[in-house]
Amino acid sequence: MATFKVSSLPDVGGFADGNGAALAWDILKRTGSHSVPEVIDLTECPHLKPYAVACLCSLGAKGRLEGREVDLVMPSDNACRDHLCRLMVPVWFRCGGYSEETLRDTNLPVEQVNWPPGQAATRIIDMLAPQAALAPGVSPRMKESLDEIIVNALTHAESPIDCFVAGQSYPKTGKVEVAVLDLGQTIRVHLSKNPLHSRVRSDEEAILLAVQDGVTGTPPGQQNRRGFANSGAGLAFVREFCEGGSGELTVLSGDSWVTFRQGLAPVKGKIFGPRFQGCLVNVRFFTGYPLPKASTEPIL
Ligand SMILES: Nc1ncnc2c1ncn2[C@@H]1O[C@H](COP(=O)(O)OP(=O)(O)OP(=O)(O)O)[C@@H](O)[C@H]1O
Ligand SMILES: [Mg+2]
């Protein structure tokens, strides 16, 4: 039986010099190659960040699209298990002892968001922001940022699972983290459909272009698949908001990831192993200052 045992250790392919590698890059890699196991074994997992939770659920959802239920073995660590229950992760799997009924009390589920997204971004930030005591003035721009990212995933990606949104608040450090994941065609492939950007040579170049104002993969004069025009303003707005001091934006697609934040040149890295077939956008919003050092606190 194909069991995917999630490692308790950060593996290679980490952030910056590799030392700050976060947990669960193995989940990321498996998700990016769309290879759905029969069993996901989280026994040794001490913690899962929002991006890893989104990836995990997308594997469950992809399995269902293929006509099967993926088995999930929950972590032996109590805190991690409780956290996954609050997020209602087990409902995407066959997972002994957990049903939609038993998990119903949660107000913080990981969400599969479909078109049209409606007020999903507002609802999610309204849930997360108060727990981290974020300044009320920040929330509207957070909501707008999250909405832009979700709309991009549902408009440009053509992802079989639409998109998954997972979030977490960190009350002690005054931080909210949200991840939006799709398993679609990647930024580079969409962007190069616009003749103005057809020569984009790499995934990294595509990500760096996509966050610039006025850059869109929708060809001039045309509408996107949802019937709207695009001006290429969405990701630029998110980047400017983050670089304005309140946050940090990481975009991962194809074989590359890039992180943007105030006062730093974009930090870039490559994914070890197969390309990530899709797009993962991770945003951390802070109230606390100064920001943690990029080299000591892993982003993903
Ligand atoms: N999830 C995604 N999947 C594939 N491509 C994406 C994704 N997100 C962004 N892109 C690419 O990045 C480009 C820039 O995104 P951005 O949000 O800045 O502009 P836009 O969506 O084209 O226009 P606007 O946001 O102003 O409506 C997109 O046009 C698309 O080519
Ligand atoms: Mg957009």
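Student: Let's start with α1. Which residues of α1 are buried?
Tutor: W25, I27, L28, R30, T31 and G32 are the buried ones in α1. Buried here stands for 20 or more other C-beta atoms within 10 Å of a residue's own, exposed for 12 or fewer, and partly exposed for anything in between, with C-beta atoms placed from the backbone. Helix α1 covers residues 25–32, and six of its eight residues are buried.

Student: What do those buried residues of α1 pack against?
Tutor: They pack against β1 (3–5), α2 and β10. Helices (H or I, at least four residues) and strands (E, at least two) are DSSP runs, numbered from the N terminus. Just after α1, H34 has a positive phi of about 60°.

Student: Before I go on, what kind of model is this?
Tutor: It's a predicted model, where local features need pLDDT of at least 70, side-chain atom pairs count only at pLDDT 80 or more, and totals for chains, interfaces and linings use all residues. Residues are numbered from 1 along each chain as its sequence is written, while chains are lettered from A and ligands numbered from 1 in the order in which they are written.

Student: And what's the mean pLDDT of the chain?
Tutor: The mean is 88, and 89% of the residues reach 70 or more; pLDDT is the predictor's confidence in each residue, from 0 to 100. Over residues 11–23 the pLDDT is below 50, and this stretch has 42 contacts in the model beyond near neighbours in sequence. A contact is two residues with C-beta atoms, placed from the backbone, within 7 Å.

Student: OK, the sheet. What's the strand order?
Tutor: Seven strands make an open, antiparallel sheet, in the order β4-β5-β6-β10-β7-β8-β9. Two strands pair if DSSP finds at least two bridges between them. β4 (111–113) and β9 (267–270) are at the edges with a single partner strand each, so one side of each has no neighbour in the sheet. From one strand to the next, the twist averages 15°.

Student: Why is β10 largely enclosed by the rest of the structure?
Tutor: Because 10 of its 11 residues are buried. Eight antiparallel bridges link β6 with β10, and V180 has V281 as its bridge partner in β10. β7 and β10 are also joined by eight bridges and run antiparallel, with L252 opposite L280.

Student: How many bridges between β7 and β8?
Tutor: Six, again antiparallel, between β7 (247–254) and β8 (256–261). Helix α7 (residues 203–210) packs on the sheet there, touching β7, β8 and β9, and its direction makes about 30° with that of β8. For angles, axes are lines fitted to C-alpha atoms, for helices over the stretch in contact, and values run from 0 to 180 degrees between N-to-C directions.

Student: Where does α2 lie?
Tutor: Helix α2 (50–65) lies across β4, β5, β6 and β10, running at about 150° to β5.

Student: Switching to ligand 1: which residues come nearest?
Tutor: A210, T216, G217, N230 and G234, out of 24 residues around ligand 1. Near a molecule or strand, in this case, is a C-beta atom, placed from the backbone, within 6 Å of it. Elements giving two or more residues to that shell are α5 (139–156), α6 (187–191) and α8 (234–246), and α5 gives the most, with four.
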